[in-house]
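Please look at the sequence and the 3D view below before reading on. The report after them is written for a reader who is new to protein structures.

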Amino acid sequence: MRKPTAYWEYIKVDELLSLQGGLESDDSKLTNDEVLFITIHQIEELWMKLAVRELASARDLFVKVPVPEQSLAAAVRSIQRMTELLRFAGEHFALMETMTTRDYLAFRDKLNPASGFQSAQMRELEILAGLPEEDRIPLGHEKSYMVMLRNHDGSPSSASRRVEARLADKPTLREAVDDWLFRTPIQGSTPDRQDDLARVRAFIDGYVDAHRTSANQALEYALSSALNADRERLAARYQREVEGARAFLMAEDVAEEPLRERRSRIRTALVFIESYRELPLLAWPRAVIDGIVAFEQAFVLFRQRHARMVERVIGRRTGTGGSAGVDYLDQTALRYRIFRDVWAVRTLLVQESVLPPVENASFYGFADSSHT
Ligand code: HEM
């Protein structure tokens, strides 16, 4: 007969409670502040462990061609869980703020040069989600985050090995989602059709017209209440928005074909899904996109929350890892965006009343042949 399981054996309570001693053999030699500092970091690493697992699962589901509908539901669940994990992780910083600057300074020097900058799991999250390496803000030397993950003598550490393995673990979630978006039917047309390009372009033309109508309406309202001095500036701003919409959908910022055409189709698919979100076949795709927006928002808020906590505890001094401290952290919150196109389409979405009609609505599980 199986031995009855005890809670403390299953959860490994004794092992867990013996891990908060930092550089000492056990935590009885440390202040409450230092034990809190270590424990919160450990809890955060555990949340990140779960988030990395969910991220890998979501990515694996998107790799299938075509992605089965039930896989999309599972992927959405993983993305939602990751979002909640990051939200929780951000909330723990409030607990850290119960430590005063002086209390932290009492033990801070012994950490040096250790830093959250060496958190391999944080890097795994970024890499697996798809943060482009060229977007990284250096601490001083090129690829500095990899240098910092190695042992002090430059030899590989468990952290650097883990991150190296993640860099080789392709595709990223962003790449897998992009491939899936690229295959999305637009006006019932798929990339394998001969006339797909022409049909996508026709949709872009119709959409840009709708965007112009929407922008002109908004401009009219804005002008009716604007001061005279502001009129020209407002008109120019709305004009730029209209021109920007076409340039974005045509992916004019991408230098080379066929990458430009591919990016254009991905962006147009995003606009299509967002614009006709109530079509039954688009129900899960739109849930995926909503999930991705919430996930990235939670990631950005986590970074911002950490930065505000850091500012409160250590002001603007240099970090133990040697960065510009809060200034560096604020830059990461501002610049580290992974799903840029998903955010960018929000600027050009229009109200339902001006949308071009859906062609082939029945293809998307809608009985009516026209839908506005
Ligand atoms: C008093 C508490 C804390 C202070 C003063 C602090 C300070 C800093 C500073 C200044 C940096 C920038 C790198 C450097 O120069 O060291 C940093 C990075 C980081 N910290 Fe903290 N931190 C604290 C607590 C935490 C906690 C509890 C976590 C748990 C998640 C954490 C996670 C990170 C991560 C992941 C980075 C890397 C950020 C990036 O490179 O994008 N920190 N921290």
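This is a predicted model: local features need pLDDT of at least 70, side-chain atom pairs count only at pLDDT 80 or more; totals for chains, interfaces and linings use all residues.

Residues are numbered from 1 along each chain as its sequence is written, and side-chain values use heavy atoms, with hydrogens and water left out.

## The chain as a whole

The secondary structure of the protein chain consists of 16 helices and 0 strands, where helices (H or I, at least four residues) and strands (E, at least two) are DSSP runs numbered from the N terminus. The C-alpha trace spans about 70 × 70 × 35 Å along its principal axes. The chain has 372 residues, and 44% of them count as buried; buried means under 20% relative accessible area, exposed means over 50%, and partly exposed lies in between (1.4 Å probe, protein chains only). The accessible surface of the protein chain comes to about 20000 Å², and 55% of this belongs to carbon and sulfur atoms; such areas come from the Shrake-Rupley method with a 1.4 Å probe, and for residues only the protein chains shown count as cover. Among the contacts in the chain with a separation of 6 or more, 71% are between residues 24 or more positions apart, a contact being heavy atoms within 4.5 Å.

## The ligand site

The ligand is surrounded by 30 residues, of which Ser 115, Arg 123, His 306, Ser 323 and Tyr 328 are the closest; a residue is near the ligand if one of its heavy atoms lies within 4 Å of it. By class, this shell has 16 nonpolar, 11 polar and 3 charged residues, with Ala, Val, Leu, Ile, Met, Phe, Trp, Tyr, Cys and Pro counted as nonpolar, Asp, Glu, Lys and Arg as charged, and the others, Gly among them, as polar.

Which protein residue gives a donor to the iron atom of the ligand? The single donor from the protein is His 306, through NE2, at 2.2 Å; donors are N, O and S atoms within 2.8 Å of the metal (3.2 Å for Na, K and Ca), and sites may look incomplete because water is not among the atoms. His 306 is found in helix 14, and helix 14 gives the largest share of the shell, 7 residues.

| Residue | Protein atom | Ligand atom | Distance |
|---|---|---|---|
| His 306 | polar side-chain atom | nitrogen | 2.9 Å |
| Gly 322 | backbone N or O | oxygen | 3.4 Å |
| Ser 323 | side-chain N or O | oxygen | 2.7 Å |

The elements that give two or more residues to the shell are helix 3 (32-63), helix 5 (93-96), helix 7 (120-129), helix 14 (283-314) and helix 15 (326-335).

## A buried helix

Glu 126 lies in helix 7 and is buried, with a relative accessible area of 0%. Leaving out residues up to four places away in sequence, Glu 126 touches Leu 131, Arg 136, Phe 299, Arg 303, Tyr 336 and Ile 338. After helix 7 comes Gly 130, which has a positive phi near 120°.

## Backbone features in the loops

Most residues other than glycine have a negative phi, and most peptide bonds are trans. A cis peptide bond joins Val 65 and Pro 66, with omega about -10°, and Pro 66 lies in the loop between helix 3 and helix 4 (69-91). The peptide bond from Glu 257 to Pro 258 is also cis, with omega near 0°, and Pro 258 lies in the loop between helix 12 (228-249) and helix 13 (259-275).

Lys 12 has a positive phi near 55° and counts as partly exposed at 44% relative accessibility. Gln 187 has a positive phi of about 50°, and counts as buried at 4% relative accessibility. Gln 187 is also one of the residues in contact with Arg 199, once neighbours within four places in sequence are left aside.

Methods
A polar contact is a pair of N or O atoms within 3.5 Å; within protein, one must be able to donate a hydrogen and the other to accept it, and residues adjacent in sequence count only if both atoms are side-chain atoms.
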